[in-house]
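Hi everyone, thanks for making time. Let's have a look at the model together, and then I'll walk you through it.

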Amino acid sequence: MTMKRKHLTEMIVGLLILLTISCNNSGNSKSNSSTTESKNQTEDNSKKDFSKIGYELMDKEKLGDISLGLLYNEIIEKLGEPEEKTEPIIYGADGEYHQTLKYNTKGIELDLIGEVEKNRKINRILISSPCVFKTLRGIGIGSNYKEVELKYKEEIDPEFSNSKSLVAGTIYGGLMFRFENNAVITIFIGAGAE
């Protein structure tokens, strides 16, 4: 438990540093921008509430027919019994009981929260190969970078996105797409950081 808290503390400190650097870089890029188009795009992005966007995406988005909030028995009905299941443990960051269900042959990993099994619900979803599920906008494992960028262009936070990952919403809530060789290798729905 202490090791997890130490890791969480290190992660939070790292994210705060990243956020500070990103905010400073954002200000510098605005003042050094040489084109009106770049300025307008940066100003448009600065007006967006990516936290709100991320939470709206988390509420609406699905991968196949699984979504955040799905209850334990509904998961079992849709996916069957998991190949791996951890014992529930309390996370210090949120004080919730967390349990991980892994469907390795389907490329699905679910984080559930809740003390009582029947009341546990999906808190985070991670898919990878060989998962065939797609988002509501048709993005799945193997989709290319430009396609994801086009489908989620209004929700992508440029501060946390680069050529290896796109974040729709924020790292604190939303969708995160990871890429390798310009193709999606993982899709994550939920909060990547507390």
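**A walk through the model**

Okay, so the chain has five helices and eight strands; helices here are DSSP runs of H or I with at least four residues, strands are runs of E with at least two, and both are numbered from the N terminus. Going from the N terminus, the order is α-α-α-α-β-β-β-β-β-α-β-β-β.

Some ground rules. This is a predicted model, where local features need pLDDT of at least 70 and side-chain atom pairs count only at pLDDT 80 or more, while totals for chains, interfaces and linings use all residues. Residues are numbered from 1 along each chain as its sequence is written, and side-chain values use heavy atoms, with hydrogens and water left out.

So, how confident is the predictor? pLDDT is its confidence in each residue, from 0 to 100. The chain has a mean pLDDT of 83, with 76% of its residues at 70 or more. Residues 1-43 are another story: pLDDT stays under 50 there, and the model gives that stretch 19 contacts beyond four places in sequence. Contact, by the way, means heavy atoms within 4.5 Å. Where pLDDT is low, the predicted coordinates should not be read in detail.

Now the inside. Of the 194 residues, 38% count as buried. Buried is under 20% relative accessible area, exposed is over 50%, and partly exposed is in between, using a 1.4 Å probe and protein chains only. A nonpolar core is a set of buried Ala, Val, Leu, Ile, Met, Phe, Trp, Tyr and Cys residues joined through side-chain atoms within 4.5 Å. The largest one has 34 residues, and Ile66, Ile75, Ile108, Leu110, Tyr152 and Phe177 have the most contacts inside it. Take Ile66: skipping neighbours within four places in sequence, Ile66 contacts Lys78, Leu79, Ile108, Leu110, Ile125 and Phe133. There's also a second, separate core of six residues, including Val167, Ile171, Phe188 and Ala193.

What about Ser67? You'll find Ser67 in the loop between helix 3 and helix 4 (72-79). Ser67 counts as buried, at 15% relative accessibility. Not counting residues up to four places away, Ser67 touches Glu61, Lys62, Ile122 and Ile125.

On to charges. A salt bridge is a side-chain nitrogen of Lys or Arg within 4 Å of a carboxyl oxygen of Asp or Glu. How many salt bridges does that rule give? The count is six. Let's look at some.

One joins the side chains of Lys48 and Glu154, at 3.6 Å from N to O. Lys48 sits in the loop between helix 2 (36-47) and helix 3 (50-60), and Glu154 in the loop between helix 5 (145-151) and strand 6 (165-170), so this pair ties together parts 106 residues apart in sequence. Lys48 is partly exposed at 25%, and Glu154 is partly exposed at 48%.

Another is Arg137 with Glu155, whose closest N and O atoms are 2.8 Å apart. Arg137 is in the loop between strand 5 (121-128) and helix 5, and Glu155 is in the loop between helix 5 and strand 6, 18 residues apart. Is Glu155 buried or exposed? Glu155 counts as buried, at 13% relative accessibility, whereas Arg137 is partly exposed at 27%.

Then there's Glu149 with Lys146, at 3.4 Å from N to O. Why the spacing? These two residues are three apart in helix 5, so about one helical turn separates Glu149 and Lys146. Lys146 is exposed, at 57% relative accessible area.

Conventions. pLDDT is the predictor's confidence in each residue, from 0 to 100.
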